[in-house]
Amino acid sequence: MTHGFDRPLYVLPFDHRGSFETGMFGWKGALTPEQTAQIAEAKRVIYDGFKAAVAAGVPKQNAAILVDEQFGAAILRDAKADGFNIACPVEKSGQDEFDFEYREDFPNHIEAFEPTFCKVLVRYNPEGNQALNRRQTERLKRLSQYLHSESRSLFMFELLVPAEQAQLEKVKGDKKTYDLEIRPRLMVQTIEELQDAHVEPHVWKIEGLDRREDCERIVAAAQYGGRNKVGCIVLGRGEDDTKVREWLTVAASVPGFIGFAVGRTDFWEPLVGWRAKKTTREAAVSEVARRYREFVDIFEKARAE
């Protein structure tokens, strides 16, 4: 087994769909063409920030965007033409159960853009609903086999392990204690279960971990059994700047963690300010670029130490 991706990878993700519609714009239900265009315009601000960061020194070969087809099709085409690494999601947005956004037509949508990475977001708790886990695993196995055998796109897997009620009760409802004491073990177990079911990502996108030894266990699981080129990246989970810095610093010190995917912490505040006409578009672009560059610098510095 030789698959994987072990080069530095700094992803600016803005494939958010439901959270953009309701959280940023306050819209519910079917969107009008004008509303869709407004979201696409906001995402273009983020992409321009990304390009500005690369122009200012972020290594182009290590930089990547993650954006959806619904609001970002034009961005995906432009970024590909500009020679950037691009990632595109295949999951339906905002669902507890993983399913394909475009059902049986998912291969055609992947190949229409030929992204560097095909990304899934999956909520999977190995001590949770077993029937749900089996259904998700079957779909993920199908995608994994397709990507490995018929596509040039690599497989990026964003793993979320939401707490079960019984697990929360063990820590008296404290989600921070769950994240610290319980979630790391469940993440390792999930990776092992999915690998045993022939789900084989090239890159695992991992919720932030506070302890170096937990990062090491994740890498050991991800690279088990000859998967030594498989990479891990840490995601920002919409946390504040301070917490994201902590997670990046811890992960960067562990071989096998090759980068990050930090989105909302980069772009949410600048976009809200721009939409409220409290700042200019140019200023919003510059601020997205500054934040993204800063996270790259933090990761590279911690990795070098």
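This briefing describes selected pockets, a cavity, a helix and several individual residues of one structure. The model is predicted. Its largest pocket has a volume of about 820 Å³, and a search of the whole structure finds 1 cavity of 30 Å³ or more.

**The largest pocket**

- The volume of the largest pocket is about 820 Å³. Its lining is made up of 41 residues, and those closest to the centre are Leu 121, Arg 123, Glu 158, Leu 160 and Arg 264.
- Six elements, namely α1, β4, β5 (154-160), α7, β6 and α10, each give at least two residues to this lining.
- By class, the lining of the largest pocket comprises 17 charged, 13 nonpolar and 11 polar residues.

**The second largest pocket**

- The second largest pocket holds about 180 Å³ of space.
- One part of its lining consists of Gly 238, Glu 239, Asp 240 and Asp 241, and the lining also includes Arg 264, Thr 265, Trp 268, Glu 269, Arg 290, Arg 291, Glu 294 and Phe 295. Helices α10 and α11 are the elements that supply two or more of these residues.
- The lining of the second largest pocket divides into 8 charged, 2 polar and 2 nonpolar residues.
- Arg 264 is among the residues closest to the centre of the largest pocket, and Arg 264 also belongs to the lining of the second largest pocket.

**The cavity**

- The largest cavity has a volume of about 70 Å³.
- Its lining is formed by Glu 69, Cys 88, Pro 89, Val 90, Tyr 102, Phe 106, His 109 and Ile 110.
- Strand β3 (85-89) and helix α4 each provide at least two of the lining residues, and the largest share, 3 residues, comes from α4.
- In terms of class, the cavity lining has 6 nonpolar residues, 1 polar residue and 1 charged residue.

- Lys 119 is located in strand β4, which covers residues 117-123.
- Beyond its neighbours within four places in sequence, Lys 119 is in contact with Asp 15, Leu 66, Cys 88, Pro 89, Val 90, Glu 91, Met 156, Glu 158 and Lys 205.
- Among these contacts of Lys 119 are Cys 88, Pro 89 and Val 90, which also line the largest cavity.

- Gln 167 lies in helix α6, formed by residues 165-170.
- Apart from residues up to four places away in sequence, Gln 167 touches Asn 125, Glu 127, Pro 162, Tyr 178, Ile 182 and Leu 186.

**Helix α2**

- Helix α2 has 23 residues, 33-55, and spans 32 Å from its first C-alpha to its last, close to the expected 33 Å.
- Its buried residues include Gln 35, Ile 39, Ala 42, Lys 43, Val 45 and Ile 46. Also buried in this helix are residues including Tyr 47, Asp 48, Gly 49, Phe 50, Ala 53 and Val 54.
- Among the elements that cover the buried residues of α2 are β1 (9-13), α1 (18-24), β2 (63-66), α3 (69-81), α10 (264-275) and α11 (281-304).

- Most residues other than glycine have a negative phi.
- Glu 114 has a positive phi, near 45°. This residue is placed in the loop between α4 (106-113) and β4, and it is partly exposed, with a relative accessible area of 37%.
- His 198 likewise has a positive phi, near 70°. Its position is in the loop between α7 (175-196) and β6 (203-207), and its relative accessibility of 47% makes it partly exposed.

Terms used
Residues numbered from 1 in each chain as written. Predicted model: local features only at pLDDT ≥ 70, side-chain atom pairs only at ≥ 80, totals over all residues. Heavy atoms only, no water. Helix = DSSP H or I, 4+ residues; strand = E, 2+ residues; numbered from the N terminus. Contact = heavy atoms within 4.5 Å. Buried < 20%, exposed > 50% of the residue type's maximum accessible area, 1.4 Å probe, protein only. 1 Å grid on protein atoms, 1.4 Å probe; cavity = no way out; pocket = protein on both sides within 12 Å on 5 of 7 lines; lining within 4 Å. Points joined across faces, edges and corners; volume = space filled by probe spheres on them. Nonpolar A, V, L, I, M, F, W, Y, C, P; charged D, E, K, R; others polar. Expected span 1.5 Å × (residues − 1).
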